[in-house]
Amino acid sequence: MKIEFYLHQVWLALICVLMCAGLFLPIGQLVNADGASAELTNFRLNFIEGDSSGAMWALGVIMIITLAVGVFELLLSGFRNFVLQKRLLVFMMLLTVGYYILFVVYVLLLKGDASFGPLPAAAFPLVCLILEYMTIHGVSKAEADIIAKASGFRLRD
């Protein structure tokens, strides 16, 4: 049995790695005029004094769902079910856009008179969004290649 390898599988693996890394890294920092600061993660708002608020859990849940769909998509990519792959990629893209909408809402609600500074991990879902778009085109190209090879052979006229 010949195992085929597609470039979009590398992009899917990179999406999973970035989502997993972004799940545990801080995504922003709020600094008050008095000098008090807080670190925003996907699950909590950690104050420098040691207190924390667990009101940020929705960001983490969206990332976990996106990561789970990405792992399923990576496992599914060996079975050539291109229609389901494209649908799942569109779902992942919608989840990623929803993550940023919720992220902006949280920042606007928390900001008040403080200044907000995003950290590098806040850009991981954006990179994943670009990779998801590239993966959709990779899946479409692989599907077109397989159809082109199959149309050269006909069983009957």
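Reader: What makes the length of helix α3 close to the one expected for its residues?

Author: In this predicted model, α3 covers residues 82-111, which is 30 residues. Its first and last C-alpha atoms are 43 Å apart, and 44 Å is expected at 1.5 Å a residue.

Reader: Which residues of α3 are buried, and what covers them?

Author: The buried residues of α3 include F82, L88, M92, Y99, F103 and V107. Their cover includes the helices α1 (7-24), α2 (57-76) and α4 (124-150), as well as the strands β2 (37-40) and β5 (115-118). Helix α3 lies across β1, β2, β3 (45-47) and β5, and runs at about 150 degrees to β5. After α3 comes G112, which has a positive phi near 60 degrees.

Reader: Why are α1 and α2 called roughly antiparallel?

Author: The two helices pack at an angle of about 155 degrees, and their axes are 9 Å apart. Angles over 145 degrees count as roughly antiparallel, and α1 and α2 therefore receive that description. The crossing of α1 past α2 is left-handed. Residues of α1 including L12, C16, M19 and L23 meet a set in α2 that includes G60, M63, L67 and V71.

Reader: What makes α3 roughly antiparallel to α4?

Author: The packing angle between α3 and α4 is about 165 degrees, with 10 Å between their axes. Since the cut-off is over 145 degrees, that angle makes α3 roughly antiparallel to α4. Helix α3 also passes α4 in a left-handed crossing.

Reader: Why are β4 and β5 called edge strands?

Author: The open sheet has five strands in the order β4-β3-β2-β1-β5, and their pairing is antiparallel. Strands β4 (52-53) and β5 each pair on one side only, and they are the edge strands.

Reader: How do you know that β1 and β5 pair?

Author: Strand β1 (residues 28-31) is joined to β5 by four bridges, and the two run antiparallel. At least two bridges are required for a pair, so the four between β1 and β5 meet the definition. Within this pair, Q29 stands opposite G117 of β5.

Reader: What makes A33 buried or exposed?

Author: The relative accessible area of A33 is 71%. Exposed means over 50%, so A33 is exposed. A33 is placed in the loop between β1 and β2.

Reader: How far apart are A33 and T66 in sequence and in space?

Author: They are separated by 33 residues in sequence and by 36 Å in space, C-alpha to C-alpha. T66 belongs to the α2 residues that take part in the meeting with α1.

Note on methods. Residues are numbered from 1 along each chain as its sequence is written. This is a predicted model: local features need pLDDT of at least 70, side-chain atom pairs count only at pLDDT 80 or more; totals for chains, interfaces and linings use all residues. Side-chain values use heavy atoms; hydrogens and water are left out. The expected span of a helix is 1.5 Å times one less than its number of residues. Buried means under 20% relative accessible area, exposed over 50%, partly exposed in between (1.4 Å probe, protein chains only). Contact means heavy atoms within 4.5 Å. Axes are lines fitted to C-alpha atoms, for helices over the stretch in contact, and angles run from 0 to 180 degrees between N-to-C directions. Angles under 35 degrees count as roughly parallel, over 145 as roughly antiparallel, 65 to 115 as roughly perpendicular and the rest as oblique. A crossing is left-handed if the near helix is turned anticlockwise from the far one by less than a right angle, and right-handed if clockwise.
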